[in-house]
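Me: I would like to learn how to read strands, helices and cores from a set of coordinates. Could you take me through one example, feature by feature?

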Amino acid sequence: MATPNSSQDASLSSTKSSRRLFMKAAASGIPIAFAGCVGGDDSGNGNGNGGNGNGNGNGGNGDVSSGNGGVSDEANALLWGGSVPVQSLDPHFESAAATARVLENITQGLLRVNWDYELEPFLAESWETSDDNLEITFSLREDVVFHDGTEFTSEDVIESFRRIDEGEAIAAGYMDRVASMSTPDDYTFVMELSEPFAPMLFRLATSDMHILTAEQAQQDSIDEPIGTGPFQFESIEIDSEFVMTKFDDYWDDDLPYLDKVTKLEISDDDNRLNTFQAGELDFINDVPPRHAEDLEDDPDVDFINRFPKSLVYLGVNCNEEPFDSRDARLALEYAIDKQEVMEAALYGQGQVATSPATPGSQWEHPSLEPREQDFEKAQEHLEAAGYPDGFEATFQIPEQYNDQVTAAQVIEASAAQVGIELDIQLITWSNWLSDVYSDQNFQATTSSYLALWFPDAGFHRPLHSDGAFFFTGWEDEEYNELVEEARTLYDMEERAPLYHEAAEMLKERRSGHIMLYWTPTLMARHNGYTGEVMSPDGSTFRFEDTQLE
Amino acid sequence: MSTSTWLTTEQKAHYGRFLRQFRRNQKAVIGLGIVVSLFVIAIVTYFAPEIVPYDPSATDVPNREAAPSLQHPMGTDDLGRDVFSRVVLGTQISLYVGFVSISAAMIMGTTIGVVAGYYQGLIDESLMRLMDAMMSFPPILLALTIVAVMEPSLNNVIIALAFVYTPFIARVARSAALSVRNESYIEAAVARGESDTYIIFREVLPNCVGPLLVQGSINIAFTMLLEASLSFLGLGVQPPRPSWGLMINSGWAYMGDAPWIVLFPAAAIATAVIGFNLLGDGLRDVLDPKGEIIE
């Protein structure tokens, strides 16, 4: 059911089963659609989508101006030039970030993250946690209607969560921690956990656990989601356009301001920017970083920079020579000038990364510094690792991430100076998923994941041996225990020191993820539009506050 | 004549005539000039890579996208690498790919073509239909598929290109072998009781060299172009090796701000392709005035 040929963000949040399906589909398409990925960008224009060839950046986009007759034809309609095409619209099964970006406006969860990076009540008016942290009771809003006119009740909540659990959806692993669910009345929902599990509440705020109507929750696959959001699904033409319109009975009477949001899929970065600058789009995301300064200086453009969006890292395979040796990993890290890598890849629009903790978050280590480039130390570690003359390793880079391809070349040049010969191989995203990620058949690679505003996203999923995205083979008992313990603590003040310790451990023991840099989301819209468009965790867009003055 | 023992007077006269005609053909001479200079550049930089002003993969991020200047005659690219050094070193890759792949295609194609043309009948039919089947794919599509199935690397590109161009050579070799087959000297050799191997190698092949040479020199231009295309699509040479096609690939997004990143490698490709084409055209004028060779 997971739409297999979806393009995924590196922040793939797929379960094992959906990933396998994805790969099968990717393998069945003749990989000839590469041409398009040349101009791909850092947010994952997957080539797994077989022969549709959307990537040429022209085919599907030629009708940008004709079909819609320019920007101003319809008052109060927003034309959005999007970088990654929306594929399927099933909130529980579709792992592509592009889908989450539009679903955020259509379906809603019980909670959501606010700009202080705290959870706030949403479809639930309030919630209470029992003293033992095992029972969570949600009081639901009573004035909410779905897009099809039915009223929102606790029945919809329990059915939606059952669908996730029984259908093995993306968040099924979280539902495993739920011992029981009950609905004492129409507007109360109780969730009983089998053990204290702090990430649960954060997860409820993501589209993976959004609420559908009880009726729709019975369906195996969903093409037209019926949610409670400010916008309702109107139409989709894959790789071409996606339309959502204002929902008149939205529970917040003031919102949304816009009548219609049309997303035109324009995968090519420069093409998208040019179309925007020609005045044919109101809003674009994924502005190429090297144009950031021009747009900032442009008086007609509202340039939006939200930081951070995702973390780019250099992953090495700790199960195989040479990187099974901590010294070899350290030698490579000492050879890299991370600041230079970030400058090259992002034109200075990012920040060098030290740990998987989101910059500015409570769980970010207050004083941990990234390792500086130091050729002498690199040489010492090479000798300690038994490679006094350096070594060779393959370096597989997902080709559609322009920033990573650039970063890889800078890293290659620095590593060569200490005798580490990295052999760059540009591979497709589907090959990355199958060879590097699933089969762990690699020596070194680069990839990224979304920052997301909960610590598990960075500390557990990629780095814990049982994590959903674990693939570099760095296994450390102490680290695992620490991260597991942190998951049982609900109070961030108690929890944060554990993550600080974990971050030190990752750096000291040189885990398989050598952190490189945090990327921002760069967006631009024409002057006249106001209202925040990004969601606080940087992963999705919210158009409800956007208005044209 | 005492100066040479390995050429008969007749052969000398033959080659003398060839050289005279070649020299009189302006296209051929210009083409040869370009090709020879490319070779000199490739060989010199192969044995003395330090002759270029900068390390072709040394990045210099603060100094990126710098316009052509005295320090960087062709500017710097998106990572601050010297475009001139990279274009010059790119010659090696282009010539290497072009030559190795076309040589392999010549060996395979000539074998198939001559065997088909000499034996005729069922062997001819089956071999040539196979060649037709391969030719029915557009070259770029076939090459893309082969490279995609293996994995993108320099050597796989060469293998793919060799396969793609084998049928073109085979067809020329077959038609040449067919016409030679009916000559009376073949009949004479058969009558003398010579073995097939002897006849193929000593009688048929030497008489097919002309058309094959022309075909080879024209096709080498195409292989160089195709290598650039594959690299441009990200399926050929891998970064940071300075292949011209790859340089265009990584530079085309910068066309508006830093056109030199793309223009110079593009000019290099154009020069090389024109050089080999002129040489091939000239050779054809000299060797095949009746225009029997297909492209």
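Me: Which residue is the bridge partner of Trp127(A) in β5(A)?
Reply: Strands of a sheet pair through backbone hydrogen bonds, either parallel or antiparallel. In this structure, which is a predicted model, the bridge partner of Trp127(A) in β5(A) is Phe138(A), and Glu128(A) has Thr137(A) as its partner in that strand. Five bridges join β4(A) to β5(A), residues 135-140, and the two strands run antiparallel.

Me: How many residues lie between β4(A) and β5(A) in their hairpin?
Reply: There are five residues between the two strands of the hairpin, and in the turn Asn133(A) has a positive phi of about 65°.

Me: What is the order of the strands in the open sheet of chain A?
Reply: The four strands follow the order β4-β5-β7-β6 with antiparallel pairing. The edges are β4 (124-129) and β6 (178-185) of chain A, each of which pairs on one side only, and neighbouring strands are turned by 15° against each other on average, with direction ignored. β5(A) is also joined to β7(A) by five bridges, again in an antiparallel arrangement, with Glu192(A) in β7(A) as the bridge partner of Glu135(A).

Me: Which strands does helix α4 of chain A lie across?
Reply: Helix α4(A), residues 154-166, lies across β5, β6 and β7 (188-193) of chain A, and it runs at about 165° to β6(A).

Me: Which residues touch the most other members of the largest nonpolar core?
Reply: In soluble globular proteins, nonpolar side chains tend to be buried together. Here the largest nonpolar core has 134 residues, and those that touch the most other members are Ala331(A), Ala335(A), Val341(A), Ala407(A), Ile411(A), Leu516(A) and Tyr517(A). Strand β17(A), residues 513-526, gives the most to this core, with eight residues. If its neighbours within four places in sequence are left aside, Val341(A) is in contact with Ile336(A), Ala407(A), Val410(A), Ile411(A), Leu516(A) and Tyr517(A). A second, separate core of 77 residues includes Leu32(B), Leu95(B), Ala105(B) and Val114(B).

Me: How many helices and strands does chain A have, and what percentage of its residues count as buried?
Reply: Chain A has 16 helices and 19 strands, and 56% of its 549 residues count as buried. Among the contacts in chain A between residues at least 6 apart in sequence, 71% join residues at least 24 apart.

Me: How many residues does each chain bring to the contact between A and B?
Reply: Chain B brings 17 residues and chain A brings 20 residues. On the side of chain B that touches chain A, 11 residues are nonpolar, five are polar and one is charged.

Technical notes:
Residues are numbered from 1 along each chain as its sequence is written. Chains are lettered from A and ligands numbered from 1 in the order in which they are written. This is a predicted model: local features need pLDDT of at least 70, side-chain atom pairs count only at pLDDT 80 or more; totals for chains, interfaces and linings use all residues. Two residues are in contact if their C-beta atoms, placed from the backbone, lie within 7 Å. Ala, Val, Leu, Ile, Met, Phe, Trp, Tyr, Cys and Pro count as nonpolar, Asp, Glu, Lys and Arg as charged, and the others, Gly among them, as polar. Two strands pair if DSSP finds at least two bridges between them. Axes are lines fitted to C-alpha atoms, for helices over the stretch in contact, and angles run from 0 to 180 degrees between N-to-C directions. A nonpolar core is a set of buried Ala, Val, Leu, Ile, Met, Phe, Trp, Tyr and Cys residues joined through C-beta atoms within 7 Å. A residue is buried if 20 or more other C-beta atoms lie within 10 Å of its own, exposed if 12 or fewer, and partly exposed in between; C-beta atoms are placed from the backbone.
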